[in-house]
Amino acid sequence: MSAALAKLVNISDVSVVASGQGRVILDNVSIDVDAGEVVAIVGESGSGKSTLARATIGLLPRGVHVSAGRIEVAGVEPALLDERELRSLRGRTTGMVFQEPMSALNPTMPVGQQLTEVCRTHLGMSRGEADERAATMLERVRIRDPKAALRRYPHEFSGGMRQRLMLAAALLHQPKLLIADEPTTALDVIVQREVLELMTELVREIGAALMLVTHDLAVVAAYAQRVAVLDAGRRVDWGPVADVVLNPREAHVERLLAALPTGRRGNMQKTGATAPPVLEIEQLCVTYPGRRKLPWSPRVDRVALQSVTLNVDAGETLAVVGESGSGKSSLARVLVRLLRPASGCVKFAGHDLAQVRGAKLRELRRELQIVFQDPASALDPRMSIFEVVAEGLAPSALGDRAEARRRVAALLLEVGLEERFLEMLPHQLSGGQRQRVCIARALAAQPRVLVADEAVSALDLSVQSRILALIERLQLKHGFACIFVTHNLAVAERIADRVVVLYRGELVECGTTAEVLDRPSHPYTRALLAASLELGPIAPGKYGLRARAAHAATPTDSIIS
Amino acid sequence: MMLTFILRRVAQGLLTLAIAGTAVFLLIRVIPGDPAQMLVGDVGDPAMVAATRASLGLDRPLPEQWLLFASDLANGDLGTSIMTGQQVREVIMQAFPVTASVVLLATAIAALIGIPAGMWAAWRQGRAADYLLVGITSVLLSVPTFWSGLIVLVIFSVKLGWLPALGYVPLGEDLRAGLIALIMPVGVLVLAELATLARMMRSSTLEVLRLDYITSAQARGVAPWAVLLRHVFRNAFAPTMTTLGLMLGHLLGGVVVIEKIFGLPGIGRLLVDSIVQRDYPIVQGCLLFVAFIFVIVNLIVDLLYAALDPRVRV
């Protein structure tokens, strides 16, 4: 047992199947984790990376089980433990952090109780002792006034704070192994960096190992020592980060790296200087109605956008960047008049959108299309793809069904879907295919403006890069202006002519991509650039982390490998 | 904050009552059939009918009638029965405890069995305990009370002779006899309510069990009973509580079928009998009372919501 004893986690030749369908989720996967080491498990959605993490502590969902192989954690095999022993393993040796900080804390229980549950159950601490320990831990994850925080409920904290609370809960009992399943994917760039730094720092402090599940290769490069790459349940590569990611040797990893958004769009046609802008946004304010404390007290509205002034030129791509709550989605919605401004106006083709109604509004709306973040909920599950896309066609085109079919088929072909998709239902398509359908639906109306609200952020990297290329190609062909809302700076850089930065509802920066990303003037933009973790090619076949030089005047990025 | 919330809900409740009261007032006056004519009987003397109508205040303009109605109501005066001359309030107060004891007892038993059963079935989803619960509740849901009531009556009173078929003894008078008289009606009602509550609880528990914070609790090594009690219950109970509230409000307004079958002098029977006899003041009083019960029960449910879920407290 001497060699195996040194390993904290030893997973050898493990296969996991879903018993109902006999589907193989993991196929003969082996990895190991040393004490105090950071090991990343990386892969696209459906690769089985979360399943591997959960299998490690025997926490597989119902109907899913390990069919072959051996898992060992701190010298014991979870598979051989009874319920009580398994709970004790989870409560003493391991800790786990989840992706969604919003849903990983019980909304009806004070934070303190959730934190101390472990210590009281498994370490036999009294309430006072456990509270004391929790307060100390909260201080270390930088929650202000920890004693008071313990009595508060999860909804009183922001997303980043909740993830830090989760981190505190998972580390409170000083586990030997922390499993983090996409811990920062749902967070803003700056918060993501903070949480990652904090997590690795704390893990080092208490000497725990970290098993980091992620889809983000930049995170892997920045924080992990070794990495396992999974694809469709199989381990395609495994080893030190330098060998696997930075100098890729496997074709699959190379494909993943090639899909990273890199490069900058050349500033497009400067010829349109004389053409009037397609959208004129003047002093735009958007508010959401607040609640009155008492029926007669004044209503306190929440301001989402504050006097934003901006023009969008015909045919250009404008990236809107900002953290959650900065007002970028409100801007997207008000531009296609899903929202009305509280004051100020949006002018499209000479009309103030808030003033237009009836038939004229319907006509204008056809020229303003939007693609949403989540293609799964943007498509009616009961409508066939033909019906979905045909809805975007002009009503006059719908009279002749054969003609409508032909036009829809042509549109689908443009977004890269063959005719056989016409009669399918949305659930039969993959995420990327669904987003293509959404784009086809938007194109059907021949819009002059296409708003993409985080249209690629829910997609896998390889799918994301194909969709970005598709939007670019279609834009060149059809000449619509594209407003691309994103929190990902690399995506913005890749696709946009100009970048707008929103911060707490205000437009703090606006300029060409080069101006904003290379010579940022606002402190928020600088912080954003400094926090972003990006991986890019540094030499043929070699990749490295790129630090954006926030103050540099030169347009070239400096590179750390 | 909490006080504002309570005050707002109470105000909403009062408004609901005012609207319901006006609706009842109008309904009684719109439906065909003249209570004055009924009271006088088949005499055919128009003068006598007119005099009766005047004494009932039915000859005055509608707004005036409404004002009169509202001020009486505010004083707690629901009028007197046309048939017996009894105070409507007293008649209702006699009938309500009968209905309330059956309904409250049955609901409490159904909740105490159904809610844990539903949660347990969800925890064991797809296994024997779950299938058993789903099977039993399906059968219970498809059995109407008029049928199960009669069957129970035939078996336990007629065949076995264990329980009295009819008759009601107030619990305050003779606790033992009173309870014995309640066994069958309460039992039949429990069977009907149990299935709904268990199903409701099962499905909302299933929804909560899927959430990250449950997995998170399990990843912390929390025992199943503690997961169910501490983490699941408060989050999954809300839909069941709404159902429970609607159920209680509905049933407290009278369990007509059960009251009829087992000969209980409850609100449901009172209402049906008064409708047949066109005893409008009683019908009106009963309807108002039912509305009142509904508003009270739902007010309590709303306040409990806030107690269960800190996010509701605005």
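This is a predicted model: local features need pLDDT of at least 70, side-chain atom pairs count only at pLDDT 80 or more; totals for chains, interfaces and linings use all residues.
Residues are numbered from 1 along each chain as its sequence is written, chains are lettered from A and ligands numbered from 1 in the order in which they are written, and side-chain values use heavy atoms, with hydrogens and water left out.

**Chain A as a whole**

- Chain A contains 21 helices and 22 strands, which are DSSP runs numbered from the N terminus (helices: H or I, at least four residues; strands: E, at least two).
- The C-alpha atoms of chain A occupy a box of roughly 75 × 60 × 50 Å along the principal axes.
- Among contacts in chain A with a separation of 6 or more, 68% are between residues 24 or more positions apart; a contact means heavy atoms within 4.5 Å.

**His173(A)**

- His173(A) is located in the loop between helix H7 (159-171) and strand S6 (177-181) of chain A.
- His173(A) has a relative accessible area of 5% and is therefore buried.
- Not counting residues up to four places away in sequence, His173(A) touches several residues, including Arg90(A), Thr94(A), Val118(A) and Arg133(A).
- A polar atom of the His173(A) side chain lies 2.8 Å from the backbone oxygen of Thr94(A).

**Thr108(A)**

- Thr108(A) is placed in the loop between strand S5 (94-97) and helix H4 (111-122) of chain A.
- Because its relative accessibility is 2%, Thr108(A) counts as buried.
- Leaving aside neighbours within four places in sequence, Thr108(A) is in contact with Tyr153(A) and with residues of chain B, among them Arg234(B), Leu308(B) and Pro310(B).
- The side chains of Thr108(A) and Asn106(A) are joined by a polar contact of 2.9 Å, that is, a pair of N or O atoms within 3.5 Å; within protein, one must be able to donate a hydrogen and the other to accept it, and residues adjacent in sequence count only if both atoms are side-chain atoms.
- A polar contact of 3.2 Å links the side chain of Thr108(A) to that of Asn235(B).

Definitions and conventions
Buried means under 20% relative accessible area, exposed over 50%, partly exposed in between (1.4 Å probe, protein chains only).
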